[in-house]
Amino acid sequence: MKTTHFYLCFVAMFICTIGDIILANFYGFKVKFPFPIFIAGGVVFMIGHLGYVSAFINRMRENSYTYFNTGFTLAVVFVVTAYLVLISLAKKKKGITLLEAVLCALYCFFVGINLCTTVSFCWSHGGLVWIRAFGALCFFISDYLIGIDRLVGGPKYRLQQGIWGFYPVGQLLLLLPI
């Protein structure tokens, strides 16, 4: 693993963690923002995902891998399907603002593009690197559960267990020095 790639992933992990701490209002985390906490956390989170995407694109360029490969296509199909399921479930809930819906769409886009980029890299590279794709999938599931919580609702305790169960696994697997 190239050192630059590791550092980019580490910085991305740190930024995503800050964003998710803000989003989850972890342990009553209170900060004064000029806009809702959901927007602040979401924006920070999306910036972190751009870090992961840039790290993997950088590695792909170093190895002359193609971005648009079968792995990328399969990941796009998965992400779009998951997003459509979330939208269809969210239509049943009342009281969702347009701003929340747009932010969730952007949120899904960024975590989805991270998954697609990671899978594309793993498809080209092969070998044990696939553990990183599993990490990106865990990260996606964690944030998908946040989307379900915000847009659909459900048993909050169970959703929180899933969110905080998948989240650290995803982050750590993305950082493995493979």
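What percentage of the 178 residues of the chain count as buried?

## Basis and confidence

Buried residues (under 20% relative accessible area, 1.4 Å probe, protein chains only) make up 44% of the 178 in the chain. This is a predicted model, in which local features need pLDDT of at least 70 and side-chain atom pairs count only at pLDDT 80 or more, while totals for chains, interfaces and linings use all residues. Residues are numbered from 1 along each chain as its sequence is written, and side-chain values use heavy atoms, leaving out hydrogens and water.

The average pLDDT (the predictor's confidence in each residue, from 0 to 100) is 84 for the chain, and 89% of the residues score at least 70. Among the elements, the mean is highest in helix α3 (residues 70-90), at 92, and lowest in helix α1 (residues 3-24), at 82.

## Fold and surface

The chain has six helices and zero strands (DSSP runs: H or I of at least four residues, and E of at least two, numbered from the N terminus). Of the contacts (heavy atoms within 4.5 Å) with a separation of 6 or more, 80% join residues 24 or more positions apart.

## Helices α4 and α5

The axes of α4 (residues 98-125) and α5 (residues 130-151) come within 8 Å and cross at roughly 170 degrees (lines fitted to C-alpha atoms over the stretch in contact, with angles from 0 to 180 degrees between N-to-C directions). The two helices are therefore roughly antiparallel (over 145 degrees).

Residues of the contact include Tyr107 and Trp123 of α4 and Phe139 and Phe140 of α5.

Methods
Parallel < 35°, antiparallel > 145°, perpendicular 65-115°, else oblique. Buried < 20%, exposed > 50% of the residue type's maximum accessible area, 1.4 Å probe, protein only.
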